[in-house]
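Hi everyone, thanks for coming. Today I'd like to walk you through the pockets and cavities of one protein, with its ligand. Let me put it on the screen.

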Amino acid sequence: MPHPSRRSDVEPFLAMDVLSRANALEAEGARILHMEVGQPGAPAPTPVLAAARAALEGGRIGYTEARGLAGLRQAIAGYYRDTHGLDVPLSRIVATTGSSAGFNLAFLAAFDVGDRVAITAPGYPAYRNILKALGLVPVEIEVGADTRWALTPELLEAAHREGPLKGVLVASPANPTGTMTTPQALKALSDACEALDIRFISDEIYHGLVFDGEQETALSFTNKAIVINSFSKYYCMTGWRIGWMVLPEDLVRPVERIAQSLYISPPELSQRAAAAAFGARDELEAVKAGYARNRALLLERMPTLGFTELLPVDGAFYLYAGIRPFANDSLAFASRMLEEAGIAATPGPDFDPVNGRSYMRFSFAGDHAVIAEAVDRLADWLPRAG
Ligand SMILES: Cc1ncc(COP(=O)(O)O)c(C=O)c1O
């Protein structure tokens, strides 16, 4: 009897399960406040929409080369020049179908079945699931308040001693914690990887969304890292499924060969639209100012509601909050909060199988009015929640 593969037996993404239940409640007439999914409430910026319309007017949307259109890759090179003062050769830039496809391509090009790749817990769940589905071994390294939720060379070296690592993946700003790794700490990690012969992968998808701290690309320290980025978050283009990678020279051709067969090319319409995104800075900064208002509101009100443990929200658009004052199981807490208070947020086990039951992630990428109403509802519901 045929059966589904063992590699497909990955954990479900709880944020999406919460979304499904929230949608079902909405279909029954409930008014749900969405704080579960990490996506901007704003549409793609005006120049992106104009470029997409112009591309559609042109009529023909086809395949492109697997690495992406030269125009988009030039725009990405321009971004590194303008933002970081770096000259990144076009040959090392590859457009991808969202950063999600970037992870698949990077893992396939850099690692073999059975290789151990370190990620942090808490961390973005798809890292673990993609690694597992590809037959790689995710090595989850617990990070906490002692290192301000960042991976350090010492933690990496300890995991490497237990069993040799082939790669490590970090994000700054990170999901779900919102915390940042300082440029010095990022460089120390990159140096440690070079010394230990470990591939360093830097997920820079939340770059641009920094409120407190300094963002630096790993490309400033090394040309050996794999840098992954996307138009989904700062550029408000989740549904366009478009991102990019900057690769070390040795991985360019392997990634290109795999991309040709796995995806043929990223969607041309999205590529042409995304090439205009870097010209939308003012509009995007206005969107970011909205997140900053939401962040300020949450940081002011959540402690008064009894959330005594809030991780530092350096960047991204997430508040990772301890729930111990109210409950000891965030799965049950999230479910009750949704059913009784109409607030959808994501329970911590999505991001951290060990300590996640003590945490919830609240996304504040939505409208200010929604966030403000959610806080008021929490104030009303929490005294009844215990
Ligand atoms: C840290 C991180 N990396 C990558 C992604 C995937 O984004 P996309 O495939 O839309 O570029 C997400 C989405 O939430 C994320 O939080």
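Let's start with the lining of the largest pocket: its residues divide into 13 nonpolar, 10 polar and 4 charged. For those classes, Ala, Val, Leu, Ile, Met, Phe, Trp, Tyr, Cys and Pro count as nonpolar, Asp, Glu, Lys and Arg as charged, and the others, Gly among them, as polar.

Before I go on, a word on the model: it is predicted, so local features need pLDDT of at least 70 and side-chain atom pairs count only at pLDDT 80 or more, while totals for chains, interfaces and linings use all residues. Residues are numbered from 1 along each chain as its sequence is written, and side-chain values use heavy atoms, with hydrogens and water left out.

On a 1 Å grid over the protein atoms alone, a pocket is an open set of points with protein on both sides within 12 Å along at least five of seven lines, a cavity is a set of points where a 1.4 Å probe fits but cannot get out, and lining residues have an atom within 4 Å of a point. Grid points are joined across faces, edges and corners, and a volume is the space filled by probe spheres set on the points.

Back to the largest pocket, then. It holds about 500 Å³ of space. Its lining has 27 residues, and Phe13, Gly38, Ser100, Tyr124 and Lys233 are the closest to its centre. Helix α4 gives the largest share of that lining, 5 residues; helices and strands here are DSSP runs, H or I of at least four residues for helices and E of at least two for strands, numbered from the N terminus.

What takes up the space of the largest pocket? That is the ligand, where sitting in a pocket means that more than half of the molecule's atoms lie within 2 Å of its grid points. Around the ligand there are 14 residues, with Ser100, Tyr206, Ser230, Ser232 and Lys233 coming nearest; near means a heavy atom within 4 Å. Helix α4, residues 98-110, again stands out, with 4 residues as the largest share of this shell. By class, the shell has 5 nonpolar, 6 polar and 3 charged residues.

Now the polar contacts, meaning pairs of N or O atoms within 3.5 Å. The side chain of serine 100 puts an N or O atom 2.5 Å from an oxygen atom of the ligand. Serine 230 has a polar side-chain atom 2.7 Å from a ligand oxygen, and for lysine 233 the distance is 2.7 Å. Taken alone, the ligand exposes 400 Å², and the protein buries 93% of that, using Shrake-Rupley accessible areas with a 1.4 Å probe.

The second largest pocket has about 270 Å³ of space. Among its 18 lining residues, Asp197, Ile198, Arg199, Phe200 and Lys224 are closest to the centre. Its lining divides into 7 nonpolar, 3 polar and 8 charged residues, and α7 gives the largest share, 3 residues.

Finally, the cavities: there are 3 of 30 Å³ or more. The largest has a volume of about 150 Å³, and of its 19 lining residues Thr120, Pro122, Trp149, Ala171 and Ala174 are closest to the centre. The second largest cavity is about 50 Å³, and its lining has 8 nonpolar, 3 polar and no charged residues. Strand β2, residues 93-96, gives the most to that lining, with 3 residues.

Terms used:
A polar contact is a pair of N or O atoms within 3.5 Å; within protein, one must be able to donate a hydrogen and the other to accept it, and residues adjacent in sequence count only if both atoms are side-chain atoms.
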